[in-house]
Amino acid sequence: MKIKNIKLTHVLEAALLPATIFVAWFLASRYNVLPGNLFPSPSDVLAGFYEVLNDGSFFYNLNISVIRVLKGFLLGSTTGFLIGITLGMSRFLEKLITPIFNAIRQVPLPAWAPLLVLVSLGEMSRVLFIAMGACYPVVLNTFEGVKSVRHDYMEVGRMFKFSKVKCFFKIILPSSFPATLTGLRLSLSISWMLVVAAEIFMTSGGGIGEMMWACREFSRMDLVVVGIIAIAFVGFAMNFTMRKLERLFSFWRITLKQSR
Amino acid sequence: MKSTGTLAVKNVSKKFKSQEGEIHVLDDINLSVKSGEFITIVGLSGCGKTTLLRLIVGLESDYAGDILLDGRKLNGPSLDRGIVFQDHRLFPWLTVEKNVGLGIVGKTDAEKKEIVQNHIELVGLKGFEKSYPYQLSGGMSQRAAIARSLVNNPKILLLDEPLGALDALTRMYMHKELERIWKKESITMIMVTHDVDEAVYLSDKIVVMSARPGKLQKIIPVPLSRPRDRASIDFAQMKEKVLEEFMLHTEQNFNYSI
Amino acid sequence: MPFIKSEKIKTVAIGLIVPILLVIFIEVICKLEMVPSQIVIPPHKVVITFLELMNTGELSEHFRISLSRVLAGFVLGASLGFITGTVIALSKRSERIVAPLLSALSQVPLFGWIPILILWFGIGETFKVVFIAFGAFFPMLINTFEGIHGVPKSYIEVARAFEFSSVKLLGKVLLPAALPSLFTGIKLALGMSWMLVVGAELVAAGEGVGYLIVWGRQLFQMDIVFVGIAVVGCIGYLMFLTLNTFESSLMRWHRPTATK
């Protein structure tokens, strides 16, 4: 019933800017105000989309990218989760590993790409590249999650004489899980950003990013725009799903915050 | 030998180390608690009453003196002593049922289920088994916390201002409930509070503590019959007697006032 | 306080264990020729190459060029983000008009803009500056918006009671109260800019630290690649440190909250 509360003027305001741009775009390309090869008309983009849809290259490349991102994400986030838990549980390992971890983390991710090319692991290079980016947010969030488990809850465990293992599974893991989920959401969105980068920096493996990169060489702007819309859409869908999952699994934490 | 819940605190002192040096929290505390007694410890904030409770339950160690349960020295937390914390400390990610069942060990699933069900009924939370802590009111949360602390049939239950955060009416209702649970379980209860009314309503003995360093100021027996009537003159006089210890009593005597 | 000092030294010492062991390990396996010298090179050689590149002035020239690109892009993107964020935080209507378009644009993984920007602007400086500005824009926008939006109503009511003008309200209440959030935005924007300059220089540049790494890769000179990686990491970290110091000196009123 929320829809009823939204005012018509608000909807019109929201539509104003996109509609203006669309109309301007349409008119500009219709009357050749802008060079057509750099500013393809909406119908050009649609035609281009139809073309790549028909010859199968769109879904072929999208498929490669999605599978690649999932591989990198799974590898990176699993490693990140394990590192985060370990550093959170042991003060000694925290002191031992954190400095080098932070040092490596300072390197802007694209800088690793040439190195990975040089090591020439093929597809593995791209997956590793994504996994590196996917790893950091999960490490940081899981670590913070474990570190901020309330001492009060641990005392309850002591009262019931929980073993270390039981403390971990009954208190630390569930209590830090919402933070881990936040890390996973960030991680997936970084992974998706990096898959495009990986496909541009480390070409010849296919994928939607490489498709866009190749279309640039042939000045097929319409297909570049198709690519941009596609990656934005997939990115949005991934983020949306992760947010829903986050809500679902950390309902107790979110409602706890709201009630405060 | 099975524990019966007789507790003896002998010459206990406790110091905390901080950056400014040592803080003397408890000084030469002596207290004996008989099996099945209800004791309340009353004192101002910072008099060390919570520390004393944490020593008895075994969450703090490194103290001078002896704390004996059934004649044996304590060694860390144990399942024969339960505690209800001031903040209920239910795990927000578990349902009431799961929270209550948290501490049960060495039981089959069927036995576990029965114990949980019995204790949920004992504290009057039937119908809320599947609720999460955020769906409960403050009083209900403390009921669940009490149930959780009783599942291993401890002989002593320690209560650290469990009703402090509740509104006055709910608190009075919880007094009745606590008394009922105490009788039904025939268990020794030691409760920390700063509510004199609560102390007089519930206790067999009231232990008054003074602050910095925490010392036992006086032990006041409460010989009133149960259930107690808050409106009775005996009850009011008892309260006056305790308040006197804090210099808070009214000057004229109740006997003349009618 | 000598107690605390020795504790600190110990922490630093523990943190150095892993890097030192790693260096020794790599030196040893290189000495014993257990790995192809093209893939793993001894750390001392990286240091030598670093010193050589410093001596010839090459490194500082690359660095200067990258830095000027970052600054141009960052200033452009962050100030646009700040202005847009402030405007849409102050006016509900402008938020309704601009937000849908902006949130749609923000869904595009940043590296996806590379092909389109190169087609529009060529591979020159404009492309790089605009690309970096894109990256700096969104974090600044979001944090400015949230910072101003998050100013407690009670502060605004105080200002109302004193009959502040809207300019005074913005300057004396809203912006100072939003300062922590603004700084988060600046830090994220600068970090993003630094990452993107490296990315942009990987695909289209003839100089800059990102290009240095690519150049090393093309020559199959691992030592140059590593010098590049180390330099971009260190500079990124230095920027972050500088901002942190600046932030804490500017916000002494802000109680350092133990970040959970």
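Two strands pair if DSSP finds at least two bridges between them. Helices (H or I, at least four residues) and strands (E, at least two) are DSSP runs, numbered from the N terminus.

The model is predicted: local features need pLDDT of at least 70, side-chain atom pairs count only at pLDDT 80 or more, and totals for chains, interfaces and linings use all residues. Residues are numbered from 1 along each chain as its sequence is written, and chains are lettered from A and ligands numbered from 1 in the order in which they are written.

**Exercise 1.** Describe how E1(B) is joined to E2(B).

Step 1. Strand E1 (residues 7-18) and strand E2 (residues 21-33) of chain B pair in the antiparallel sense, over nine bridges.
Step 2. One of the partners in E2(B) is B:Ile23, bridged to B:Phe16.

**Exercise 2.** Classify the packing of H2 of chain A and H4 of chain C by angle.

Step 1. Helix H2(A) (residues 8-30) and helix H4(C) (residues 92-106) pack at about 50°, their axes 7 Å apart. Axes are lines fitted to C-alpha atoms, for helices over the stretch in contact, and angles run from 0 to 180 degrees between N-to-C directions.
Step 2. H2(A) is therefore oblique to H4(C), given that angles under 35 degrees count as roughly parallel, over 145 as roughly antiparallel, 65 to 115 as roughly perpendicular and the rest as oblique.

**Exercise 3.** State how many residues of chain C are in contact with chain A.

Step 1. Contact requires C-beta atoms, placed from the backbone, within 7 Å.
Step 2. On that basis 45 residues of chain C contact 47 residues of chain A.
Step 3. H10(C) gives the most to this side of chain C, with eight residues.

Methods. Contact = placed C-beta atoms within 7 Å.
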